[in-house]
Amino acid sequence: MPDAIIRVLTEEETRAALPALAEVLSDCVEGGASVGFMQPFAPQDARPFWESVAAAVVRSETVLIVAEVDGRALGTVQIGLATMPNQPHRADIKKLLVHRQARGLGLARRLMEQAEAEAVKRGRRVLVLDTATGEPAEAIYERFGWQRVGVVPDYALMPDGRYCATTLFYKHLSA
């Protein structure tokens, strides 16, 4: 297994990584991942999304974590910190993405471990996320110790236009 570096990106680093991040997102959507976008989805289609993430990093609303293999970003996850005033202890996990070329290397686990550690550093003790029901990510979150809350039928669309249910998860972190 090649060495992977897992790290938090600054706004400048996010902007520098835009091409690689766009490629990861495009690859995941083209591979059928229900992460908010529809097929066809080329890397240039992903650029506005990543530019908005960079802006959210500047506003301290998002923590962007990447997995780099041989200097190339091949995985990513975000911590959404922009919660309501009565939720200073909570954060959202968003867009756990691993390029199909890098699957099976343990990047998803390492990204999520880093996300949990970063959340704790920022005083967040309850994390929530959602994922397409019946897809591989659902089983991954269960293996990582996340608790299933329930399923919302027809919550979103798969990239090919089919309706999909969404499973909601949470995880309590210890300090």
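Helix 2 passes helix 3 in a right-handed crossing, meaning that the near helix is turned clockwise from the far one by less than a right angle. Helices (H or I, at least four residues) and strands (E, at least two) are DSSP runs, numbered from the N terminus. This is a predicted model, where local features need pLDDT of at least 70, side-chain atom pairs count only at pLDDT 80 or more, and totals for chains, interfaces and linings use all residues. Residues are numbered from 1 along each chain as its sequence is written, and side-chain values use heavy atoms, leaving out hydrogens and water.

**Helix packing**
- Helix 2 (residues 18-30) packs on helix 3 (residues 43-58) at about 115°, and their axes are 8 Å apart; axes are lines fitted to C-alpha atoms over the stretch in contact, with angles from 0 to 180 degrees between N-to-C directions.
- That makes helix 2 roughly perpendicular to helix 3 (65 to 115 degrees).
- On the helix 2 side, the contact (heavy atoms within 4.5 Å) includes L18, P19 and L21, while helix 3 brings in residues including F49 and W50.

**Strand pairing**
- Strand 5 (residues 126-132) runs antiparallel to strand 7 (residues 163-172), joined by 7 bridges; two strands pair if DSSP finds at least two bridges between them.
- T131 has T167 of strand 7 as its bridge partner.
- Strand 6 (residues 147-157) also pairs with strand 7 in the antiparallel sense, over 7 bridges, and Q147 stands opposite Y170 in strand 7.

Definitions and conventions:
Parallel < 35°, antiparallel > 145°, perpendicular 65-115°, else oblique.
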